[in-house]
Amino acid sequence: MIRRCDACGEAEARVAQRHTGRALCSRCFREDLLRRLGEEVERYRMFSPSERVLLALSGGKDSFVLLDLVKEVHDPGRMGIVTVIEGVEGYNRADDVAWIADVARSYGIDLHVASFKEFAGLGLDELVSLDRSRGLKTSPCTYCGVLRRRIINHYARTLGYDRVLTAHNLDDEVQTYVMNLLRGDRVRLIQGHPLSPTLSRYFVKRVKPLRKIYEWETAVYAFMRGFKFQETECPYIRFRPTLRAVVRDYLYEVERARPGSLLRILEAVDRYVERELLPEASRLGELPQCSVCGSPTAYSRRTCVLCDLLQKIGLPARLPF
Ligand SMILES: [Zn+2]
Ligand SMILES: [Zn+2]
């Protein structure tokens, strides 16, 4: 006997949502995701109809889901996409960029393809080998994260976008919250909240419309919509921070035992940050600027992390910000 969808009562149920106890058909599942995304966008005023939004897409399944859902709730004429090619041998992003370009073209969305090579003069592999040749052991993920953020903000700022949208999902966001709780990092906790103020006039506000969608839901949705997974793993994955892996495994166990836990943790930390930390955020003030390149940098620093990284490997590059 087939099970009917708990929402429409007609079509065959295809997706079992453990956190709601419901089984949904493909159409109702899509509507459920759209509704939850819409509520989150509305609740935190992530972007308004008149604003120009830049989607930062890596090319994976979460990127696909973000693009597919946001174009339903926002005018594609006010959307842009930026995708950053790191320059990692064997981690071919050409296919990822191809589908992004196809979708951008068919909906009239502006596409900007950026690369480490073009922006910094060197790709990630070259940066890492330069690092190693100087006897350093900087994690490739450090170069990657810092450069990627710089490039995405640069495009958003210089091209006049009002918001940057990233494809982080619920799992990503809860992991980050828990890591920052464990480190006692109040500034990062504030920055993880959708209502956090931008701490520099040079930063374009980043928002995460998928923050209440489970990662398994983005995977199922992408599959249902016929998205072809490449998901070639980055060869530098073994250098990823270990704390995130520990936290991720722990949270999966909790979610398995008590479906809905991730949502409840996110909402609880959201409320805590709103009540306890956001009131002090208004006193944080404008971030200082790097004395070398002018980019905003942390309160305690004189130069930015990127300038320090490049200087250590002998590149006197003062990159734009
Ligand atoms: Zn249904
Ligand atoms: Zn700098």
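This is a predicted model: local features need pLDDT of at least 70, side-chain atom pairs count only at pLDDT 80 or more; totals for chains, interfaces and linings use all residues.
User: What percentage of the 321 residues of the protein chain count as buried?
Analyst: Residues are numbered from 1 along each chain as its sequence is written, while chains are lettered from A and ligands numbered from 1 in the order in which they are written. A residue is buried if 20 or more other C-beta atoms, placed from the backbone, lie within 10 Å of its own, exposed if 12 or fewer, and partly exposed in between. Among the 321 residues of the protein chain, the buried share is 32%.

User: Is Cys293 buried, partly exposed or exposed?
Analyst: Cys293 sits in the loop between helix 11 (261–281) and helix 12; helices (H or I, at least four residues) are DSSP runs, numbered from the N terminus. Cys293 has 18 C-beta neighbours inside 10 Å, so it counts as partly exposed.

User: Which residues is Cys293 in contact with, leaving aside its neighbours within four places in sequence?
Analyst: Two residues are in contact if their C-beta atoms, placed from the backbone, lie within 7 Å. Leaving aside neighbours within four places in sequence, the contacts of Cys293 are Cys304, Cys307, Arg318, Leu319 and Phe321.

User: How are helix 1 and helix 2 oriented to each other?
Analyst: Good one to look at in 3D! The axes of helix 1 (residues 26–43) and helix 2 (residues 61–73) come within 10 Å and cross at roughly 70°. Axes are lines fitted to C-alpha atoms, for helices over the stretch in contact, and angles run from 0 to 180 degrees between N-to-C directions. Angles under 35 degrees count as roughly parallel, over 145 as roughly antiparallel, 65 to 115 as roughly perpendicular and the rest as oblique, so helix 1 and helix 2 are roughly perpendicular.

User: Which residues of helix 2 meet helix 1?
Analyst: From helix 1, the residues taking part are Leu33, Leu34, Leu37, Gly38 and Val41. Their partners in helix 2 are Leu69, Glu72 and Val73.

User: Which residues of helix 12 make the contact with helix 6?
Analyst: Helix 6 (residues 140–158) and helix 12 (residues 305–312) pack at an angle of about 130°, with their axes 10 Å apart. That angle makes helix 6 oblique to helix 12. Helix 6 contributes Tyr143, Val146, Leu147 and Arg150 to the contact, and helix 12 contributes Val305, Leu306 and Leu309.

Methods
Helices (H or I, at least four residues) and strands (E, at least two) are DSSP runs, numbered from the N terminus.
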